[in-house]
Amino acid sequence: MSKIIMIGGSKGGTGKSTVCSAVLDYLESQGNDPILVETDTANPDVYKAHKANSRATAIELDTSEGWIDLVNLADNTRGQPLVINTAARNLTAVGKFGKTLESTLAELDRELITLWTINRQRDSLELMADYLETLPVSDRHMLHVVRNLYFGEPEKFQLYNDSGTRKRIESTGGKTVDFPDLADRVADDLATKRLSIKRASEELPIGNRAELLRWRKLAHIAIAALLS
Ligand SMILES: Nc1ncnc2c1ncn2[C@@H]1O[C@H](COP(=O)(O)OP(=O)(O)OP(=O)(O)O)[C@@H](O)[C@H]1O
Ligand SMILES: [Mg+2]
């Protein structure tokens, strides 16, 4: 059963795009042929970094049309993982149209894996609860939480760590993993030069590359815990 990996988080700036790039990089390192679905039409940063690669496409998820395109794409690319980068404001659309995707998963023979990327604030959690109302965990949908250590050490995610939401997620088999912090200047290289991690690992100066490779290894370990 191949995967649809939805990088959620809803809140702006929690690291969704960074996690998305790392997921694509991880899947490629495993010999998979992932397809990026960029739904952040206002700021398609992951798409820009991967568009040289033909396996990247942009779909607007604010309309029912977009969800139809997404399901058809999932059908036409069976066997390949789809990785969806979502925008900060996508939750309303998921609320409205998410069922379109959910109702087709069995026929597509796919499973949906949501990676909910959080910072240390309350809204990340509230929005996750809303998301789960629309797309509940099931035998075809699993949600895992990614604590983005860019915002601090794991113990600083106190609101999440002590929350009922965490208990609920982990009781359904969801995991909590820590996504590593990358040195700011290398993160800025990725953003300003619009590089995929693979390209950055080939093109950056040696010092920046060394930091990138340190981070990449840890990122792959975190992601492998969720996807393998
Ligand atoms: N683990 C990390 N290490 C280093 N920098 C990070 C990390 N996570 C996020 N950042 C930085 O924080 C900023 C926001 O990250 P990113 O663009 O991935 O968030 P986002 O959730 O996709 O934002 P948006 O909601 O605007 O799409 C970027 O400058 C990025 O480089
Ligand atoms: Mg983003």
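Predicted model: local features only at pLDDT ≥ 70, side-chain atom pairs only at ≥ 80, totals over all residues.
**Entry 1: two helices.** I started with helix H3, residues 64-76, and helix H4, residues 91-102. Their axes come within 9 Å and cross at roughly 35 degrees. I then looked up the handedness, and H3 passes H4 in a right-handed crossing.

**Entry 2: who touches whom.** On the H3 side I found Ser-64, Trp-67, Leu-70 and Val-71 making the contact. H4 brings Ala-93, Val-94, Phe-97, Gly-98, Thr-100 and Leu-101.

**Entry 3: around ligand 1.** Next I went to ligand 1, which has 18 residues around it. Lys-16, Ser-17, Thr-18, Pro-180 and Leu-182 come nearest.

**Entry 4: polar atoms.** I checked some distances here. A polar backbone atom of Gly-13 is 2.9 Å from an oxygen atom of ligand 1. For Thr-14, a backbone N or O atom lies 3.0 Å from a ligand 1 oxygen. Asp-181 uses its side chain: an N or O atom there is 3.3 Å from a nitrogen atom of ligand 1.

Notes
Residues numbered from 1 in each chain as written. Chains lettered and ligands numbered in written order. Heavy atoms only, no water. Axes fitted to C-alpha atoms, helices over the stretch in contact; angles between N-to-C directions. Helix = DSSP H or I, 4+ residues; strand = E, 2+ residues; numbered from the N terminus. Left-handed = near helix turned anticlockwise from the far one by under 90°. Contact = heavy atoms within 4.5 Å. Near = heavy atom within 4 Å. Polar contact = N/O pair within 3.5 Å; in protein donor to acceptor, adjacent residues only side chain to side chain.
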